[in-house]
Amino acid sequence: WRGWEGAPYSTLVPSDEVTINYRHGLPVITLMLPTRSERCQFTVKPVVTTVGAFLQDVQREDKGIETAEVFTTDGIKVSDATLMEVLLMNDFKLVINSTVYSVSPPVKDKLSSEHATDMEDIKSLVHRLFVALHLEDHQIRKERELLQKLDHLKEELLPLEQMKARIMDSADAKTSRLLWVGLALMSTQGGALAWLTWWVYSWDIMEPVTYFITYGSAMAFYAYFVLTKQDYIYPHAKDRQFLHYFYRKSKKQRFNVERYNKLKDDLAEAEESLRRLRQPLQLRLPIQEISDKD
């Protein structure tokens, strides 16, 4: 069987053998059962019932039906997974055994604006009732999910936190050593200038030297601003050097900074969600039940 068109043993019956009417907003399909020779009505839910489910209902009603298929008017087979709502939008052919039924669904009257508004009000009321009846269970289930997510994130973060602490200690120690080295060099420079001024040369000779040293320091600070777009402020310079050591050490020890930051953001988001979920005045969650969980 490759379609109803051109099949030599197909019988085309009048279109009134299969009728479709709407009752209470649902389509009722009335057709003549071939082996039982009686008319039977099938009420379908168009938004949930598929073509395959409808055909199975027909075959269950009449055990003598061997094959039941649906085709478009062009002879293209309609998939069993197609919703009846889609099928009833256009004319189609219902093929039962070797009999072809031409079906013309009626045009469903559009709802008036007043009736549509009433339906929307009913839907809104049903939604509010559902929320009122199931909100508490939903919040308790959501709280358990958040607690499990927090435990999972903390387990993932624990080894990363330990590695980060070791890297930070190492970077802080290197930064402190660099600061002490800078202080030692500045002290050595001051002592050398004093020794050259009072014991080797005179101030008249050393004054130009100190001027160029000061000018060279100003050039170095300006170069720092050009490269970093920041003023040379000691706390900022210390933090910058600390981050330099931290990222270099992280690369050597294969510490994934991006993954760590992502986990920290997820943890903060989960904690904030849990905090908002546990606000009984806003979400009407029982205070006693929250206390028991805490």
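**Close-up views of a predicted model**

**View 1. Segments annotated as transmembrane.** An unreviewed UniProt entry places the feature "transmembrane region" at residues 178-197 and 209-227. The coordinates shown here are those of a predicted model. Over residues 178-197 the chain is 100% helix and 0% strand, with the end C-alpha atoms 28 Å apart. For residues 209-227 the figures are 100% helix and 0% strand, and 27 Å separates the end C-alpha atoms.

**View 2. The largest pocket and its lining.** The volume of the largest pocket is about 630 Å³. Two or more lining residues come from each of helix H3 (113-200), helix H4 (203-228) and helix H5 (234-252). H3 supplies the largest share of the lining, eight residues. In total 18 residues line the largest pocket, and Gly182, Met186, Phe221, Tyr232 and Tyr234 are those nearest its centre. By residue class, the lining comprises eleven nonpolar, five polar and two charged residues.

**View 3. The open sheet of three strands.** The strand order is S2-S3-S4, and the pairing is antiparallel. Strand S2 (18-23) and strand S4 (38-43) are the edge strands, each pairing on one side only. From one strand to the next, the twist averages 25°. Helix H1 (residues 51-61) packs on the sheet and touches S3 and S4. The direction of H1 makes about 145° with that of S4.

View 4. Strand S3 (residues 26-33) pairs with S2 in the antiparallel sense, over six bridges. Among the residues facing each other across this pair, Ile20 stands opposite Ile29 in S3, and Tyr22 stands opposite Pro27 in S3. Two residues lie between the strands of the hairpin. In the turn, His24 has a positive phi of about 55°.

Methods:
Residues are numbered from 1 along each chain as its sequence is written. This is a predicted model: local features need pLDDT of at least 70, side-chain atom pairs count only at pLDDT 80 or more; totals for chains, interfaces and linings use all residues. Side-chain values use heavy atoms; hydrogens and water are left out. Two strands pair if DSSP finds at least two bridges between them. Helices (H or I, at least four residues) and strands (E, at least two) are DSSP runs, numbered from the N terminus. Axes are lines fitted to C-alpha atoms, for helices over the stretch in contact, and angles run from 0 to 180 degrees between N-to-C directions. Contact means heavy atoms within 4.5 Å. UniProt positions are given in the numbering used here, feature names are shortened, and annotations may be inferred rather than shown by experiment. On a 1 Å grid over the protein atoms alone, a cavity is a set of points where a 1.4 Å probe fits but cannot get out, and a pocket is an open set with protein on both sides within 12 Å along at least five of seven lines; lining residues have an atom within 4 Å of a point. Grid points are joined across faces, edges and corners, and a volume is the space filled by probe spheres set on the points. Ala, Val, Leu, Ile, Met, Phe, Trp, Tyr, Cys and Pro count as nonpolar, Asp, Glu, Lys and Arg as charged, and the others, Gly among them, as polar.
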